[in-house]
Amino acid sequence: MTDHDGVRDLLAAWAFGALPPAERRSVQPHLAECESCSAEAARLRETVRLLDGTPANGTPAEPTADAHVLTRALRTRPAAPQVAPHAAPYAAAVAGLRALLPELEGNWGTPVVHDWDAHATLAHLLAADEHLAVRLGIGARVPASRIEEGTAWEDAWDHRTTDVIAHEHGRDPGATVADWSAQAADLLATPEARDSELASCATLLMGIRLPVADHFVVRAFETWIHTDDLGRALGLHVPPPPGEHLGQLVRLAVRILGLALGPTAPPVLFAITGGGEWVLGSEDEPVRAELVLDPVDFCLLVGGRYTPDAVPRGAAGDEDAVRNVLERAAALAWL
């Protein structure tokens, strides 16, 4: 059966009748046993009923604050484009950010992450998606930066991000929204987003050579991380990616972490709560430690939103080997 936290993440979709049958069957028995989840489910169902305009007493009612938020989100959420499985997490992340954007009206100067306000955060995503967009034949929407040939990718990345943020701060946030949204739509309309075979070709972007399919997953990862940043800044809960998409993010992050650790690192048995375990590091010696992380916490660690000391985990064995994995995972962040 789905655990308590897992059920809570499914309740909004359950209230709208949008869960697939397998997940729906796991929710109902839990609601019969859990008082807090049952109360939350009833509250969400009431919100949905208000959105449908059918008050229980038959008289018009003022929508709740939650209803206003959900109404705006539903009105701005486009139908998910038809894409191949590798691009589905990005399509969902883009839809999630689009649903949140109306809440930013009047709040574009809100501090979010690093030294960025909300406007700069969206400008950063415009710059971040641009790398894959240009590689797939989509023209850049911001004037080119002057970057000398041979510049290290990290420095080039920082330079381009700074230029794009400065450019967008000189424009209305609505123009930034329009360009980010159009670029995301163009990415999802490329043949590589719809054809897994075309997306199997590898390309070097932001210092790592991966199949185009994996670069779409990277874009999903970053879009969700920054949507969560924006939600936290506004005091709004942003749910994690659906289980299948979260699994794709986790598996790619584990692969990249394994490459970063290399074949001589002290071997650690790494497990993700709810599924998946890998031996990271050397294959020529016994495992020295075990490390268990929640999938969302692992993604937040890789995304730079947890420090190695702060991320919740279960661990046993060689503490230095565990710390090596955690520090290397945190060092992967360029978000």
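This is a dialogue on how to read several features of a predicted model.

Student: Before going into detail, how many helices and strands are there in the protein chain, and what share of its residues count as buried?

Tutor: The predicted model has 13 helices and 8 strands in its protein chain, and of the 335 residues 46% count as buried. Among contacts between residues at least 6 apart in sequence, 61% join residues at least 24 apart.

Student: Which residues touch the most other members of the largest nonpolar core?

Tutor: The general idea is that in soluble globular proteins nonpolar side chains tend to be buried together. Here the largest nonpolar core holds 76 residues, and Phe216, Leu293 and Phe298 touch the most other members. Helix α10 gives the most to this core, with 10 residues. There is also a second, separate core of 7 residues, which includes Leu10, Cys34, Cys37 and Ala41.

Student: What does phenylalanine 216 touch, if residues up to four places away in sequence are not counted?

Tutor: With those set aside, phenylalanine 216 touches His86, Ala87, Tyr90, Leu132, Leu136, Leu187, Thr190, Glu192 and Ala193. A further pair can be read by C-alpha positions: alanine 91 and phenylalanine 216 are 125 residues apart in sequence, yet 9.3 Å apart in space, C-alpha to C-alpha. Alanine 91 has its place in helix α5, residues 88–100, and its relative accessible area is 7%, so it counts as buried under the 20% cut-off.

Student: How should I read helix α7, and where do its buried residues fall when seen down the axis?

Tutor: Begin with the span: α7, residues 153–169, has 17 residues and reaches 24 Å from its first C-alpha to its last, close to the 24 Å expected at 1.5 Å a residue. Next come its buried residues, which are Ala156, Trp157, Arg160, Thr161, Val164, Ile165 and Glu168. Seen down the axis of α7, these fall within an arc of 160°, so they line one face of the helix. The elements they pack against are β2 (116–117), α6 (118–135), α8 (173–188) and α10 (212–234).

Student: Turning to a loop, is threonine 110 buried or exposed?

Tutor: Threonine 110 lies in the loop between α5 and β1 (111–113), and at 19% relative accessibility it counts as buried, because the cut-off is under 20%. Leaving aside neighbours within four places in sequence, threonine 110 is in contact with Trp116, Asp117, Ala118, Ala233 and Leu234.

Student: Finally, how many disulfides does a search of the whole structure find?

Tutor: The search finds 0 disulfides.

Terms used
Residues numbered from 1 in each chain as written. Predicted model: local features only at pLDDT ≥ 70, side-chain atom pairs only at ≥ 80, totals over all residues. Heavy atoms only, no water. Helix = DSSP H or I, 4+ residues; strand = E, 2+ residues; numbered from the N terminus. Buried < 20%, exposed > 50% of the residue type's maximum accessible area, 1.4 Å probe, protein only. Expected span 1.5 Å × (residues − 1). Arc of directions from axis to C-beta. Contact = heavy atoms within 4.5 Å. Core = buried A, V, L, I, M, F, W, Y, C linked by side-chain atoms within 4.5 Å. Disulfide = S-S within 2.5 Å.
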